[in-house]
Amino acid sequence: MTRRILIAGNWKMNTRSAAAASLAKGVVEAVGKSPAVEIALCPPSVYLATVSEVTAGTPVELGAQNLYAAEDGAFTGEVNAAMLTDVGCQFVILGHSERRQLMGETDACVSKKLHAALAGNLTPIVCVGETLEQREADETESVIETQIRGSLEGLDEARAAGIVIAYEPVWAIGTGKVASKEQAEAVHAFIRDLLGKMFTPDVAEQIRIQYGGSVKPGNAAELLSQPNIDGALVGGASLKAEDFAGIINAAP
Ligand code: PEP
């Protein structure tokens, strides 16, 4: 089974409209017309339309960093799946560790968002990952299992194959500390095995599992060449077109 590598840039709460447009242009120019891998940019929601104008008609896709799991209505400050597809999104990042830690998002909340994303024809990128304390206490697998089972609650086999999981060890996000290829591959293999038990081994083979946590042009090749690493969710290094392109070009 060949899973197409997906490199997604999570811009987090960075850029302004001119910088967002110029960063998106830089990526579009750098990747050309037929990149070997799938590429998505996830700008702040207020700049989705700006970036969409640049990426429309190019191979670079668009993703949001969050959504609210409800139809239109009285939800001040929120944005739903229909609005995201309306501005051209194909992807939405869900359950990023920053949202789990700073906004108190739980697995149950991520699961609601997952179902809303799928109902709205968005591909969810569901983030999971352990803290340093949890890794040191040998709890990585149990933490990841709880997060995946909870975040994917109620997901049926037919839809499971199309989702993306991002394994992002919290201790490696924005810290410059990258998981070694062996550490990352071991967790990715564990996740695939778990998905095989939750769905079927065939479905698990189709689900893409990205790695995220201080991915840079210099370490991307060894991570992306691991058998169970199917892409990267990139934070800091996605804010410079040449660095992001360097990661894309490092894909095997
Ligand atoms: C992220 O926040 O998704 C991330 C992986 O950030 P960084 O690449 O900066 O570690």
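Tutor: Let's start with a word we will need: two residues are in contact, or touch, if their C-beta atoms, placed from the backbone, lie within 7 Å. The structure above is a predicted model, where local features need pLDDT of at least 70, side-chain atom pairs count only at pLDDT 80 or more, and totals for chains, interfaces and linings use all residues. Residues are numbered from 1 along each chain as its sequence is written.

Student: Which residues does Ser-214 touch, not counting residues up to four places away in sequence?

Tutor: First find Ser-214 in the loop between β7 (208-212) and α11 (217-224); helices (H or I, at least four residues) and strands (E, at least two) are DSSP runs, numbered from the N terminus. Leaving out residues up to four places away in sequence, Ser-214 touches Ala-172, Thr-175, Gly-176, Lys-177 and Val-178.

Student: Is Ser-214 buried or exposed?

Tutor: A residue is buried if 20 or more other C-beta atoms lie within 10 Å of its own, exposed if 12 or fewer, and partly exposed in between, with C-beta atoms placed from the backbone. Because Ser-214 has 20 other C-beta atoms within 10 Å, the class for Ser-214 is buried.

Student: How many helices and strands does the protein have, and how does its radius of gyration look beside the globule rule?

Tutor: The secondary structure comes to 12 helices and 8 strands. The radius of gyration is taken over C-alpha atoms, and the globule rule is 2.2 Å times the number of residues to the power 0.38. For 252 residues the rule gives 18 Å, so the protein is as compact as a globular protein of that length, with a radius of gyration of 17 Å.

Student: What share of the contacts with a separation of 6 or more comes from residues 24 or more positions apart?

Tutor: As background, buried residues make up 46% of the 252 residues. Among contacts with a separation of 6 or more, residues 24 or more positions apart account for 72%.

Student: Where does UniProt place the feature "active site", and what is the largest C-alpha distance there?

Tutor: The unreviewed UniProt entry places this feature at His-96 and Glu-168; such positions use the numbering here, feature names are shortened, and annotations may be inferred rather than shown by experiment. The two are spread over 73 residues of sequence, yet they cluster in space, with a largest C-alpha distance of 8.4 Å.

Student: Where is His-96 found, and is it buried or exposed?

Tutor: His-96 sits in the loop between β4 (91-94) and α4 (97-102). Since His-96 has 28 C-beta neighbours inside 10 Å, it counts as buried.

Student: Which residues does Glu-168 touch, not counting residues up to four places away in sequence?

Tutor: Glu-168 lies in the loop between β6 (164-167) and α9 (181-198). With 27 C-beta neighbours inside 10 Å, Glu-168 counts as buried. Skipping residues up to four places away in sequence, the residues that Glu-168 touches are Ser-97, Cys-127, Gly-129, Ile-173, Gly-212, Gly-213 and Leu-233.

Student: Which residues come nearest to the ligand?

Tutor: A residue is near a molecule if its C-beta atom, placed from the backbone, lies within 6 Å of it. Of the 13 residues around the ligand, the ones that come nearest are Ile-173, Gly-174, Gly-212, Gly-235 and Gly-236.

Student: What phi does Lys-12 have?

Tutor: Lys-12 lies in the loop between β1 (6-10) and α1 (17-31), and it is partly exposed, with 18 other C-beta atoms within 10 Å. Most residues other than glycine have a negative phi. Lys-12 has a positive value, near 50 degrees.

Student: What phi does Asp-138 have?

Tutor: Look in the loop between α6 (132-136) and α7 (140-151) for Asp-138. With 8 other C-beta atoms within 10 Å, Asp-138 is exposed. Its phi is also positive, near 65 degrees.

Student: Which residues of α5 are buried?

Tutor: Helix α5 (residues 107-119) has 13 residues and reaches 18 Å from its first C-alpha to its last. An α-helix has 3.6 residues a turn, so residues three or four places apart point the same way. What covers the buried residues of α5 includes α3 (81-86), β4, β5 (123-128) and α7. Those buried residues are Val-110, Ser-111, Lys-113, Leu-114, Ala-116 and Ala-117.

Definitions and conventions
The expected span of a helix is 1.5 Å times one less than its number of residues.
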